[in-house]
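Biologist: I would like to learn how to read pockets and cores in a model. Can we work through one together?

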Amino acid sequence: MKLKEVLDKTTNFFKDKKLETPRLDAELLLAAGLGLNRIDLYVKFDQPLSENELGTCREYVRRRGQGEPVAYILGNKYFYNHRFKVNQNVLIPRPETELIVEDAIQ
């Protein structure tokens, strides 16, 4: 199966699950599962994936499909231009909180 097919199927799966950001979630998880940057998903969209690569991606997709946040699956979250390690024991930084930080700095 080619990378573009996996990306499209994953996006549709997340849409069916009514996730808020299906394409972004698919891109982030597939890129991480394949050890790529997000842009590489489009540069290498014709690349066939090995069974090992598919297995890693399937596991990430399965977890997201069950409602686990992307940040917990990846183990990190960017917040205010910094990368933070996250897991089930910490709250995930929210984008709205960046606005509060900006206001506090000003």
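Biologist: Which residues line the second largest pocket?

Modeller: Keep in mind that this is a predicted model. Rolling a probe the size of a water molecule over the atoms shows where empty space is left. Here, the second largest pocket is lined by Met1, Val6, Lys9, Thr10, Phe13, Leu30, Leu54, Cys57, Arg58 and Val61.

Biologist: What is the volume of the largest pocket, and which residues are closest to its centre?

Modeller: The volume of the largest pocket is about 840 Å³. Its lining has 22 residues, and those closest to the centre are Asp25, Leu28, Val70, Ala71 and Lys77. Two or more lining residues come from each of α2 (22-34), α4 (51-65), α5 (70-74), β1 (76-79) and α6 (95-105). The largest share, four residues, is from α2. By class, twelve lining residues are nonpolar, two polar and eight charged.

Biologist: Now the core. Which members of the largest nonpolar core touch the most other members?

Modeller: A nonpolar core is a set of buried residues joined through side-chain atoms within 4.5 Å. In this case the largest one has 19 residues, and Leu3, Phe14, Leu29, Leu30, Leu34, Leu41 and Leu49 touch the most other members. At least two residues each come from α1, α2, α4 and α5, and α2 gives the most, with five.

Biologist: What does Leu3 touch, leaving out residues up to four places away in sequence?

Modeller: Leu3 touches Leu34, Leu36, Asp40, Leu41, Lys44, Phe45, Gln47 and Leu49 on that count.

Note on methods
Residues numbered from 1 in each chain as written. Predicted model: local features only at pLDDT ≥ 70, side-chain atom pairs only at ≥ 80, totals over all residues. Heavy atoms only, no water. 1 Å grid on protein atoms, 1.4 Å probe; cavity = no way out; pocket = protein on both sides within 12 Å on 5 of 7 lines; lining within 4 Å. Points joined across faces, edges and corners; volume = space filled by probe spheres on them. Nonpolar A, V, L, I, M, F, W, Y, C, P; charged D, E, K, R; others polar. Buried < 20%, exposed > 50% of the residue type's maximum accessible area, 1.4 Å probe, protein only. Contact = heavy atoms within 4.5 Å.
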